[in-house]
Amino acid sequence: KATVSVLYWRKEKQTKKIEKMPTRLKVVFDVDNCMYKRSAGIAVQMGENINQWGVQELGLDYEVAKESGLWGYSTYGLAVSGYVIRHGLQDMQGYLEYVHFNEMRHKEKIEVNKVLVEAIRGLGDKADVYILTNGTKKHARACLEALGLTETDFPDENIIACHEQWGLPVTHPTPPPVWNNKPCRSAYETAEKIILGRPKESSDRILFIDDSYNNLTAPNELGWCTVWLCESLEIPSDGPRYIDAPSDRPNAMYAINDIVDFMQLPEIVNAVSCC
């Protein structure tokens, strides 16, 4: 049985003009603690690397480094923003390399997920898949490979990482002038342009899965169907459940316990079953 819970839903108004035929569904995944289990411990290790960078490179007390990183993450979606804004960090490349230094060890921590691989490949020509992550493209690629997903499944141009959100090349050595990362609305507007090649229209369908609830507000407001992956959330096993939506949420918002459960979402089922 499906393990999908509908958190918010508001029916569309019945007085609609004739619209374009829906375009092919775009399915967008977050990576860390979303495509792989939180128990892999990668996010914990990266968090410790962030703290150690503050101590070793910025000369901060450990607790100050930790608090600065947490403030940056909660405010701008990236811990490094706390170091830049509060402590003047400039060596962005050095920071990213240090924090993600153990990409090659991901295969030791992340288990190959054959069910997920088959599910994504099973979408075939029914949907296009993308990654939207605040991490680096190299980090995302390492995680995908550890899961068993290749460049054929997710080409480089379908991985929207931190530099793409900033509009900067990956070799840019210093911090971005503006922190346009999830959960900022501008991050999703940038992603829309990359995914669609143009501004979003009513006939475009984007489904986004992320483990951070805070990362779902802006895309939901932009008209994306959003999915909260929460391993600890108690979800009924009797299929999608209807719950009234706040008036400011125009689109569906779902909750799932496991990434492979995305195949049970109505939008996915409809896309796959469509002729």
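## Pocket and its lining

Helices here are DSSP runs of H or I with at least four residues, numbered from the N terminus. In this predicted model, helix 1 (42–58), helix 2 (62–76), helix 4 (92–99) and helix 8 (162–166) each contribute at least two residues to the lining of the largest pocket, and helix 1 gives the most, with seven residues.

The volume of the largest pocket is about 1,000 Å³. Its lining comprises 37 residues, of which Ala43, Met46, Ile50, Tyr73 and Gly77 lie nearest the centre of the pocket; divided by class, the lining has 16 nonpolar, 13 polar and eight charged residues.

In soluble globular proteins, nonpolar side chains tend to be buried together. The largest nonpolar core in this model has 57 residues, and those with the most contacts inside it are Phe29, Met35, Tyr95, Ile209 and Phe262. Helix 7 (residues 137–147) gives the most to this core, with five residues. A second, separate core has 18 residues, including Ala187, Ile195, Ile206 and Ala218.

Leaving aside neighbours within four places in sequence, Ile209 is in contact with Val28, Phe29, Asp30, Cys34, Val227, Leu229, Ile256, Ile259 and Phe262.

Asp211 is found in the loop between strand 5 (206–210) and helix 10 (217–221), and it counts as buried because its relative accessibility is 17%, where the cut-off for buried is under 20%. Not counting residues up to four places away in sequence, Asp211 touches Asp30, Asp32, Asn33, Cys34, Arg38, Trp228 and Leu229. With Arg38, the side chain of Asp211 makes a polar contact of 3.4 Å to the side chain of that residue.

Technical notes: Residues numbered from 1 in each chain as written. Predicted model: local features only at pLDDT ≥ 70, side-chain atom pairs only at ≥ 80, totals over all residues. Heavy atoms only, no water. Core = buried A, V, L, I, M, F, W, Y, C linked by side-chain atoms within 4.5 Å. Buried < 20%, exposed > 50% of the residue type's maximum accessible area, 1.4 Å probe, protein only. Contact = heavy atoms within 4.5 Å. 1 Å grid on protein atoms, 1.4 Å probe; cavity = no way out; pocket = protein on both sides within 12 Å on 5 of 7 lines; lining within 4 Å. Points joined across faces, edges and corners; volume = space filled by probe spheres on them. Nonpolar A, V, L, I, M, F, W, Y, C, P; charged D, E, K, R; others polar. Polar contact = N/O pair within 3.5 Å; in protein donor to acceptor, adjacent residues only side chain to side chain.
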